[in-house]
Amino acid sequence: MSNPRKVVVIGAGPAGYVCAIRLRQLGQEVVVIEKEALGGTCLNVGCIPSKALIAAGSLMEKVAHAKTFGLTVEGMQLDVGKLVEWKTSIVGRLTGGVGGLLKNHGCTVLMGAARIVDRNTVEVTGSDGQQRVTCDDIVVATGSIPIEIPGFAFDEDAVWSSTGALSPKEIPGHLVVIGGGYIGLELGMMYRHLGSQVTVLEATPGALPGQDRDCVKVIERSLKKQKIKLMTETFAKEYRRGDGGGLVVTVERGGQREEIPCDQILSTVGRRPYSEGLGLESVGLTTERGFLKVDKQMRTAVPNIYAIGDIAGQPMLAHKGSKEGLVAAAVIAGQNEEYDARCVPAVIFTAPEMASVGMTEDQAREAGYEPVTGSFPFAASGRAMTLQETEGFAKIVADKDTDLVLGLHMVGPEVTELVAEGALAIEMGATTEDLARTIHAHPTLPEAVMEAAEAVHKMAVHIFQR
Ligand code: NAI
C-alpha cells in the first residue's frame, strides 16, 4: 500500500466529518479543523434541533385535535425552558457522538479557525494560539450561513435568524416570518403549533418557489387551515419598536406600504456559502456567487484542494454534502470515484410534510422525456385515516416510452420517510411496473407509492380512474 496521504478537512459538518471518517477508514491521515462546534449547522443549529422542536409542536397540535377520537386533555401547558433543554440534550448527544466517532477513528481534531496559507499549509487560530499544519490535500467543507437583508440585521433578539428561533425564551404572541421557503414554513408552522399567531411574508407569488406546484397547493391550503397568514408578493422593508414595546414591520405590497405589528421577527430568506477568512485567494481560488466550482471528483481548480457540502453548490442539503464527502475521501485515497448520484431527495418538515426526489414533469420534458404521471391521494389510504392525516398525495413521474421512474413528489403523512423508496427506484433504474409489482405491507403509508405507480397505467385499485 502506498504511503497514506495527510489530509486537512476544514469544517466538521455532515460533509466534513463524514469525509474525515471515510478517509480514516481508507487508511489516510486526517486533521479536522472546526471553529465552532462539531456537527456543523445540521446538528447544532439546523436539521436536528429544528426537527426536535417540530416534533414537540406537532404533538401539541395532535393532542389539541384528539377530541375527534374521544381524547380531551385539559390545561395542556408548555414549559419552554424544558423544551429547549430537551432539544439541547439531543444536540449534545449527537455532537458528542460525532466527537467520539472522530476520535475512535483516529482523526486529529483541532478547534479553531482555519486559513489556507498555501496549497500544503493551513493555519489554525484557536483559543490557545496559532499553529500551522502541513498536508498533502485540503478538503474545504465550510458550509453556509443565513443571508441577512437590509433593515433586518440578526440581533437574535428582535430579529431572529433560524439559530435564534431554535432557542426561544418564550413563545412569541405574533411572529412575522420573512421568507416562505423551507426554513420559514417549517419554523413558522412549528411556532403556530406551539401557540403563536404567524404571518409569513414571501417575495414571490407563492410559497416554496421552485417546488412541485401541486404539492405546494396542498401546503398553502394547510397554511390557511392553520390560520397562518401568507402574504405573497410582499417585501419586508424595515422595522421599528412600537410604543407598547412591541415591534412594527413595514412591508411593501403592490406599491403600497403596510405596517404589521408583531412581537418577534424571524428572517429566513436563504443561505449563502461561507468562506470568509479562509484564504482562498492565497491559492488563487475564486468563488462564483460564493460557491467553489468543483468537478465530479469534488476537486476545485487547484488539484489537491477539494470542496464538499454547501460551499460546493446547490442543493444545500446535509445528505448531498455527506455524499460528496464520501466521494472526495475515495478520490483522495486513490479510488476511481465520481459524484454520479442520479437524484438528491429533498424533505420539508411542514404540516403536512413535503418530499420529492428526481424530476418534476417540467424537468422531465426539458430533459427530452415524454412524462406520464400517476397520483394516489392519502384520503384513500387506510393507514393515513388511522393517523388522522389524510391531506396530500403521492405522485410519480415516469417516462412514457421506457416506464422508468423519473420522479416521486409527495405531500402528506411521513412522506419525508417514504421518499427513500423513490430515491432507490431512480438509482436502480426501476420502472413503475417494478414498484407496482412489489408487495407493500398493509396497512402502511408506502402503499400510496405503489398505488401511484399503478395509477400511471390507470391500474390503481383503491381509486376510481376513468
Ligand atoms: P429558501 O431559499 O428555501 O427560501 C427563502 C424564501 O425567501 C424564498 O421563498 C424567497 O422568495 C423569499 N425571500 C427572499 N427575499 C425576501 C424578502 N426580502 N422578503 C420576503 N421574502 C423573501 O431559503 P431558507 O428557507 O432560508 O433555507 C435555506 C436553505 O437551507 C434551503 O435552500 C435548504 O437547502 C436548506 N434547508 C433545508 C431543510 C430541509 O432539508 N428540510 C430545512 C431548512 C433549510
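Q: What does partly exposed mean, as against buried or exposed?
A: Buried means under 20% relative accessible area and exposed means over 50%, with partly exposed in between (1.4 Å probe, protein chains only). Glu427 has a relative accessibility of 35%, so Glu427 counts as partly exposed. Glu427 lies in helix 11, which spans residues 415–428; helices (H or I, at least four residues) and strands (E, at least two) are DSSP runs, numbered from the N terminus. This is a predicted model, in which local features need pLDDT of at least 70 and side-chain atom pairs count only at pLDDT 80 or more, while totals for chains, interfaces and linings use all residues. Residues are numbered from 1 along each chain as its sequence is written, and side-chain values use heavy atoms, without hydrogens and water.

Q: Which residues form the nonpolar patch on the surface?
A: Phe69, Leu71, Val73 and Met76 form that patch, and together they have about 370 Å² of accessible area (Shrake-Rupley method, 1.4 Å probe). Met76 sits in the loop between helix 3 (47–64) and helix 4 (80–104). Its relative accessibility is 37%, so Met76 counts as partly exposed.

Q: What is the strand order in the open sheet of 5 strands?
A: Two strands pair if DSSP finds at least two bridges between them. The order is 9-16-10-11-12, and the pairing is parallel. Strand 9 (159–160) and strand 12 (229–231) are the edges, each pairing on one side only. Strand 11 (residues 197–201) runs parallel to strand 12, joined to it by 3 bridges. Thr199 has Lys229 in strand 12 as its bridge partner.

Q: Where does the chain have a positive phi in a residue other than glycine?
A: One case is Glu233, with phi near 45 degrees, in the loop between strand 12 and strand 13 (234–241). Another is Glu414, with phi near 55 degrees, in the loop between strand 23 (405–412) and helix 11. Glu233 is partly exposed because its relative accessibility is 46%; Glu414 is also partly exposed, at 39%.

Q: Which residue is joined to Pro352 by a cis peptide bond?
A: Ala351 is, with omega near 0 degrees. Pro352 lies in the loop between strand 19 (346–348) and strand 20 (353–358). A cis peptide bond also joins His442 and Pro443, with omega about -5 degrees.

Note on methods
Patches are made of residues with over 30% relative accessible area and no salt bridge: like charges are joined within 9 Å, nonpolar side chains (Val, Leu, Ile, Met, Phe, Trp, Tyr) within 5 Å. A salt bridge is a side-chain nitrogen of Lys or Arg within 4 Å of a carboxyl oxygen of Asp or Glu.
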